[in-house]
Amino acid sequence: MEFSVLTLPGDGIGIEVTREAIRVLQHICQKFGHKANLSEALLGGIAIHKTGSPFPAETEALCQQADATLMGAVGLPEFDNWPPEKRPERGLLGIRKTLGVYANLRPVRSYASLLDSSPLKNHLVDGVDMIIVRELTGGIYYGTPRGITEEGSGHRGTNTMTYTTEEIARVTRMSFELARNRRKKVTSVDKSNVLETSQLWRRVVVEVAKEYPDVELNHLLVDNCAMQLVLNPKQFDVVVMENMFGDILSDEGAVLAGSIGMLPSASIGTRKPNGYWVGLYEPVHGSAPDIAGQNKANPLGAIGSVAAMLEYSFGMKEEAAAVNKAMEAVLDSGRVTADLRPKGQPATTEQVGQAVCEAIG
Ligand code: IPM
Ligand code: MG
């Protein structure tokens, strides 16, 4: 198979982890006889520096043409005091919206060899296997009115959390479809004791659930969910929630996996004529400017995102499984980066990428 992949390394450690992800992608292609046509474009802070915009028109056109997009991370400290509409992060919001990838799948699982990397007790973490499904193109990230306006002698900041029936229904359906191929359990997270958007969310989820009588549904308030994630994480199979709740709880989920550097993600929404997903693939972690350029960052979140791309955008289950298996072998071998607190000398970003390729064979 021949396919095109647009890479958007972005900022900070995005650059070095994407390099290793591409190394693994190329290796898989070589081994399985595929051809990946790679191109690279600008997104985030680097795009602001070079073009003045965090999501240049050229990047927008390229991501629409590509068969899949692989992203690193965005965000740089020099933009910390810039208004939201000019910041690197706005580029990420733009590409998610442009591609219509409304469902962000963030799998969180434990690895036997990483149990001691988590600050939680082994027995709590061992066997964790869930997917956080984060609604990605709606809610408070995009709602209007928004902004900071003058008021009296001070100011007023405004953001709007808003959801339509359709926006809730489609991400809910995606979650139930996923659950059908797993342990058949969906947990919907909301704040329906306070927020109207959450009341609508719960109502729509209950309606959609009727289409899936074989899947168990339960509801958790978001504050309780935050607690349950560390108290009893094994109860979760598929956990669906609105955009900002998903942003927050997926970072918490990273504690279960041992490090946020471990978490991959796949953002999908519409299918191509061949049935595969239009997808944006990115590790969950940020640009980590404090360790950028030091060959220290964990590339496994980015490499896991390549596995997700192979599976969802190209239907290559065997290739995806080969990447995941190789990642586990590398973890078992102890050749891991500093974030995973290895017993000996930590491996570099590049060494981990190379080790995954070796393990693929
Ligand atoms: C994430 C990140 C982004 C988000 C930032 C960088 C805009 O935290 O993907 O979780 O909030 O969506
Ligand atoms: Mg986040």
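By residue class, the shell around ligand 1 comprises five charged and two nonpolar residues, with no polar ones. In this predicted model, the residues that make up the shell are Glu89, Leu92, Arg96, Arg106, Arg134, Tyr141 and Asp247. The most to this shell is given by helix 4, which spans residues 88–99 and provides three residues. Both domains take part: at least three residues of the shell come from domain 1 (1–112 + 258–361), and at least three come from domain 2 (119–257). The space that ligand 1 takes is the second largest pocket.

Polar contacts to oxygen atoms of ligand 1 were computed for several of these side chains. For Tyr141, a polar side-chain atom lies 2.5 Å from an oxygen atom of ligand 1. For Arg96, the separation between a polar side-chain atom and an oxygen atom of the ligand is 2.7 Å. An N or O atom in the side chain of Arg106 is placed 2.8 Å from an oxygen atom of ligand 1. Ligand 1 exposes 320 Å² when taken alone, and 81% of that area is buried by the protein.

Two features of the backbone were also identified in loops. The peptide bond that leads from Thr144 to Pro145 is cis, and its omega is near 5°. Pro145 belongs to the loop that connects strand 5 (129–135) with strand 6 (147–151). The other feature concerns Asn295, which has a positive phi of about 60° although this residue is not a glycine. Asn295 is located in the loop between strand 12 (277–281) and helix 10 (300–314).

Methods
Residues are numbered from 1 along each chain as its sequence is written. Chains are lettered from A and ligands numbered from 1 in the order in which they are written. This is a predicted model: local features need pLDDT of at least 70, side-chain atom pairs count only at pLDDT 80 or more; totals for chains, interfaces and linings use all residues. Side-chain values use heavy atoms; hydrogens and water are left out. A residue is near a molecule or strand if one of its heavy atoms lies within 4 Å of it. A polar contact is a pair of N or O atoms within 3.5 Å; within protein, one must be able to donate a hydrogen and the other to accept it, and residues adjacent in sequence count only if both atoms are side-chain atoms. Accessible areas come from the Shrake-Rupley method with a 1.4 Å probe; for residues, only the protein chains shown count as cover. On a 1 Å grid over the protein atoms alone, a cavity is a set of points where a 1.4 Å probe fits but cannot get out, and a pocket is an open set with protein on both sides within 12 Å along at least five of seven lines; lining residues have an atom within 4 Å of a point. A molecule sits in a cavity or pocket if more than half of its atoms lie within 2 Å of its grid points. Helices (H or I, at least four residues) and strands (E, at least two) are DSSP runs, numbered from the N terminus. Ala, Val, Leu, Ile, Met, Phe, Trp, Tyr, Cys and Pro count as nonpolar, Asp, Glu, Lys and Arg as charged, and the others, Gly among them, as polar. Domain bounds come from an automatic or database domain assignment.
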